[in-house]
Amino acid sequence: MKKIRIFFKGLGYNNHYQADVFIYDNTNLIFESKTYNGHVNVCLCPNKVYKIVARSLGETIMYHIYVTNDKKYVLPFKRSIINHINNSITFRLTDYHYDNLPIERGEIILWPRM
């Protein structure tokens, strides 16, 4: 058995907006857990193929990985709350009094620049 870490790109921080992870060996469920900071640690046999299924916020992804000497595997979610290219966060801002009315223009200062 080899301890590996699987990182899911596009999840939230700490235990917010995380994914439920299921790992299958052939058709048998061998591991079930929830990510923390987008990571999950698991011990798997080297030189075997495993099916990884992850669910987060209504989206399900499925990948097959072949366990080699690598200790970390990165699997992306299609919808991502975090843009890893320029380390910015994209979100939709709506009006407090009108449900689903998006605010199209404006400026939000989260903290002052130093």
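A strand here is a DSSP run of E with at least two residues, and a helix is a DSSP run of H or I with at least four; both are numbered from the N terminus. Phe8, a stop on this tour, is found in strand β1.

This is a predicted model, in which local features need pLDDT of at least 70, side-chain atom pairs count only at pLDDT 80 or more, and totals for chains, interfaces and linings use all residues. Residues are numbered from 1 along each chain as its sequence is written, and side-chain values use heavy atoms, with hydrogens and water left out.

**Whole chain.** The protein has nine strands and zero helices.

Next select β1, β4 and β7. These three strands form an open sheet in the order β4-β1-β7, with mixed pairing (two strands pair if DSSP finds at least two bridges between them). β4 (39-44) and β7 (72-76) are at the edges with a single partner strand each, so one side of each has no neighbour in the sheet. From one strand to the next, the twist averages 30° (the angle between N-to-C directions of lines fitted to C-alpha atoms, on a scale from 0 to 180 degrees).

Keep β1 (residues 2-9) and β4 in view. The two run antiparallel and are joined by six bridges. Pick Lys3: opposite this residue stands Cys43 in β4.

**Phe8.** Now select Phe8 and show its side chain. Is Phe8 buried or exposed? Phe8 has a relative accessible area of 1%, so this residue is buried. Which residues does Phe8 touch, not counting those up to four places away in sequence? They are Val21, Thr35, Gly38, Val40, Ile52, Ala54, Ile61, Leu75 and Phe77 (contact means heavy atoms within 4.5 Å). Draw a distance from Phe8 to Gly38: they are 30 residues apart in sequence, yet 5.1 Å apart in space, C-alpha to C-alpha.

**The largest pocket.** Finally select Ile108, Ile109, Leu110, Trp111 and Arg113, which line the largest pocket. By residue class, the lining has four nonpolar, no polar and one charged. Arg is among the residues that count as charged, while Ile, Leu and Trp count as nonpolar.

Key. 1 Å grid on protein atoms, 1.4 Å probe; cavity = no way out; pocket = protein on both sides within 12 Å on 5 of 7 lines; lining within 4 Å. Buried < 20%, exposed > 50% of the residue type's maximum accessible area, 1.4 Å probe, protein only.
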